[in-house]
Number of protein chains: 2
Amino acid sequence: MGNTDFECRQRVSVPPSKPFFESLKSSLKETFFPDDPFRQFKNQPLSRKFLLGLQYFVPILEWAPRYTFDFFKSDVIAGITIASLAVPQGISYASLANLPPIIGLYSSFVPPLVYAMLGSSRDVAVGTVAVASLLISSMLGKEVNPNENPKLYVQLALTATFFAGVFQASLGFLRLGFIVDFLSHATIVGFMGGAATVVCLQQLKGILGLVHFTHGTDLVSVMRSILSQTHEWRWESGVLGCGFLFFLILTRYFIGHLKKGLNPPSLFELAFRSSYLTTAIKTGVITGVIALAEGIAVGRSFAMYKNYHIDGNKEMIAFGMMNIAGSCTSCYLTTGPFSRTAVNFNAGSMLGLIDYEAAIHLWNVDKFDFVVCICAYFGVVFGSVEIGLVIAVVLSLLRVLLFVARPPTIVLRNIPNSMTYRSMDQYPAANNVPGILILQIDAPIYFANASYLRERISRWIDEEDDKLKCSAEIGLQYVILDMTTVGSIDTSGISMLEEVNKNIDRRGLKLVLTNPRSEVMKKLDKSKLVDAIGQEWIYLTVGEAVAACNFMLHTCKSNTKAVESELQDNNV
Amino acid sequence: MGNTDFECRQRVSVPPSKPFFESLKSSLKETFFPDDPFRQFKNQPLSRKFLLGLQYFVPILEWAPRYTFDFFKSDVIAGITIASLAVPQGISYASLANLPPIIGLYSSFVPPLVYAMLGSSRDVAVGTVAVASLLISSMLGKEVNPNENPKLYVQLALTATFFAGVFQASLGFLRLGFIVDFLSHATIVGFMGGAATVVCLQQLKGILGLVHFTHGTDLVSVMRSILSQTHEWRWESGVLGCGFLFFLILTRYFIGHLKKGLNPPSLFELAFRSSYLTTAIKTGVITGVIALAEGIAVGRSFAMYKNYHIDGNKEMIAFGMMNIAGSCTSCYLTTGPFSRTAVNFNAGSMLGLIDYEAAIHLWNVDKFDFVVCICAYFGVVFGSVEIGLVIAVVLSLLRVLLFVARPPTIVLRNIPNSMTYRSMDQYPAANNVPGILILQIDAPIYFANASYLRERISRWIDEEDDKLKCSAEIGLQYVILDMTTVGSIDTSGISMLEEVNKNIDRRGLKLVLTNPRSEVMKKLDKSKLVDAIGQEWIYLTVGEAVAACNFMLHTCKSNTKAVESELQDNNV
């Protein structure tokens, strides 16, 4: 009678194994082409494929034929609006980068044109950004003093822009768009706040009228430099400084005489043979990544809001081409700025970047993200821009690794009046099932957690055993491992399960698996672990497994072993 | 009627939020004290606590009082057996490290004694190991020629051993035992095979009788060095070399005169003031980690087999103390050797380390592990020992990161005659539910995958929508996200879900969540996303969610909106 229940159930079969290269191809596709860009090319004639391909890389070809006079009118209005924001912004950010204001103006002209042709976002307004400007001044400024050697400094900035473009475009061509995702929102919030603080600190030099000032950007160097020169402080300079700041805010639209029209070519300014080439490349790569992260994040947010698609890799190519073209036409690094609201005032915009509300939100929702944000902030303020960035990225990655290295293991209990089993911590009303321990492992089982899980599982069994021994209840007989949440497993994980199975056997208990996923089931089968556990002890749901165990426990408590072997015979 | 079904169900409530420091404490405990070493100290008087603490760090105090003459007899026999293996092994491995054979002999004496007092494994036989010996010779040999300056070389080897010990013990004290887990089994297999190949290649110098030979250890340098000197090859030397190898195998037990008894003190040989101190520290740290990984892996395997516990951190302290003591008594690096079978013959043991059967097993069970193994092998053979190790560790970590960055998303279907929903790929018999798309995300939702998942989910919805539009069936109305397998979420993940919810709303569909886990539910609540989705649209199981959606779809297809708002009023 009881047996028929188990016979008619849906079995967990071993999925047919795919040919190696097919599964390799599909996993490579999901990694590098998650957006499936070839979908539209399917079943098209060759000429159409060529046109689609061209439109894919140069989106202007797609929308230009549909461009009407109405579009043009709204574009003119939008252009004027944005220019009135972007031009002063470009100029003030150029001064952050210690570049002549005219370079900032140039940078507001050519790159947006290039982006209009190649970019896939309709909303991104291209321009220079505060963080990248700061990075350029701090990284290049260490090697070349922009006041003593302005020509070389500008050349290096252009060269760095060129390499930033090359790097961005290559990332796109290599389909490595996902690298940008590793800069989390928390990292960016902390990082920008730190950068803004550093800039404000640097202003103290002028406000206090100090002649000798540290070259370091960190808080300790700056404060030491200021406090060691208290006798040099001048209140006149402070008043003058504040007055001048006010004057600057008023007169910031004054940009000097335009020489030789707009954007002189600067291809021959690129300092490929300079002894500072390494610095330029390093600056280019770092600022390139950060500018990219910012630009793509902005593009994506708008696209999501207006419900259209942005292709990260295509955007990378567009930003890269834009910066290569920019570096040849006297522009420095541009991207799609993160915060258009923080444009107008130099000092004001810097303080606006300290987004304490975002930090409070991080603290409320996720403490670890807050820690990442604060570490990025303090790394920038007390160390340098690069140190802050590295700390934040490493911490973010550590969190991912730590989740895998120390996955939660959860004891499942029965939700009353149902076949559902859930965590006893989350649902206190859930009931214990006597004689059966149900465990759920909440992560893929990899080398990084195999040893931990082995010990953790045996500790759960020990604890349950101890508890049951003290009470008058039935002793522990079955350990059910719910594999629903185990998305993947490697050979170390398989070895771990083999050892757990042997260990449970040795204690005279029985291991039961439920719902192993496709990939896991394949590997369990290949390593013969399915045979070691017994195919009949692998169930589709926890409910079915518990029913089967209960049947064994209660109907035939006296001669379990005999019935077990009979059941096995029936199933084989 | 229908409504009462939904009312009496078990609700997914927001778990009460734990105080911040309590949850921080519990997660730190699970990370650094996964083995719960303080369990036995609970509810004990102070004197007993002190004794237990001493026994914890010096296990010999625990078992010495119970030591009997019977134990002693079996220990003598075991000691003689192991010594007959360990002494020749120690000597031959010392020659791999380019150290005098006598150091190898010394190393077979003191460290086992120290381990016997401090170690927690009853089965580990302490001794020198091939890989660490090789690493010492390759890393120190780059700086100091062991033939030209043998005294300095030995001093540096002892210093490296000292730092290896310090590093190992500090890892244990800092409870960082889990770092060792990041060297996967696949990494070690490939790495040891590569190291063995390198050693065999180096023997070609002697066999071919070449006087000038490359200092590089990689295959390219060695083969270039050999092939560029074909005119120097001597068949006499080859014959002599093979003969000598045979002679060596026969006479390897000859170890020279023992000076000054056993193990002269060597504390003052430690070269802390040498200009090569950095090299010694680097060598110590790298060999220390590898020796530790080996020793703990061996100890764990035995412990698991004989069903007793090994504490990784305690083992680290024991190995560390053993090597610190060893470095002061003329011993070089020792650990619990990985492969006792590969002991007896110098050349033979080296080839035995090329464990091609393990590599075949890796290929069969897990292709990625095979790639890691092969990369470690080729990294060692074509690059250097360090390059091989770094490549393998980085690849292993990349796999973990890639799993999180590109988690599988799965469409769930109904298993016939049940309330169970499973992947349609794994269970082809499962049925589609018209009008409802059920998605499962197989990983924690973190910054690293938030953008990918956002695009992937909207692609699934697009595809399902397209499919349903073509067929005559009911259009897509509900998107159910099964959160069972989402073990954790960060603020980027929450933002992603907010955007997905808005996006689904905008399409006129409804987002339904099922079984969000404790941590996820808390964060959904704190970020107000529970209110945005509606508490009544969060279900405990996929079955319940589908039942509710079906009720809405079929009973009141004509005026869904009206009933929906009514249902909402009932629930609020």
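In chain A, the axes of helix 7 (residues 110–118) and helix 14 (residues 312–327) come within 9 Å and cross at roughly 145 degrees. Axes here are lines fitted to C-alpha atoms, for helices over the stretch in contact, with angles from 0 to 180 degrees between N-to-C directions. Helices are DSSP runs (H or I, at least four residues), numbered from the N terminus. Helix 7 of chain A passes helix 14 of chain A in a right-handed crossing, meaning that the near helix is turned clockwise from the far one by less than a right angle.

Helix 7 of chain A contributes Val110(A), Pro111(A), Val114(A), Tyr115(A) and Leu118(A) to the contact, and helix 14 of chain A contributes Ile317(A), Ala318(A), Met321(A), Met322(A), Ala325(A) and Gly326(A). Two residues are in contact if their C-beta atoms, placed from the backbone, lie within 7 Å. By class, this contact has 10 nonpolar, one polar and no charged residues; Gly counts as polar.

## Basis of the model

The model is predicted: local features need pLDDT of at least 70 and side-chain atom pairs count only at pLDDT 80 or more, while totals for chains, interfaces and linings use all residues. Residues are numbered from 1 along each chain as its sequence is written, and chains are lettered from A and ligands numbered from 1 in the order in which they are written.

## The two chains

In the interface, 70 residues of chain B are in contact with 70 residues of chain A. Helix 18 (residues 385–405) of chain B supplies the largest share of the chain B side, eight residues. That side divides into 28 nonpolar, 22 polar and 20 charged residues.

## A buried serine

Ser327(B) lies in helix 14 (residues 312–327) of chain B. Ser327(B) is buried, with 28 other C-beta atoms within 10 Å; the cut-off for buried is 20 or more. Beyond four places in sequence, Ser327(B) touches Leu158(B), Thr161(B), Phe162(B), Gly165(B), Ser266(B) and Leu270(B). The C-alpha atoms of Ser327(B) and Phe162(B) are separated by 5.2 Å, although the two residues are 165 residues apart along the chain.

Terms used: Helices (H or I, at least four residues) and strands (E, at least two) are DSSP runs, numbered from the N terminus. A residue is buried if 20 or more other C-beta atoms lie within 10 Å of its own, exposed if 12 or fewer, and partly exposed in between; C-beta atoms are placed from the backbone.
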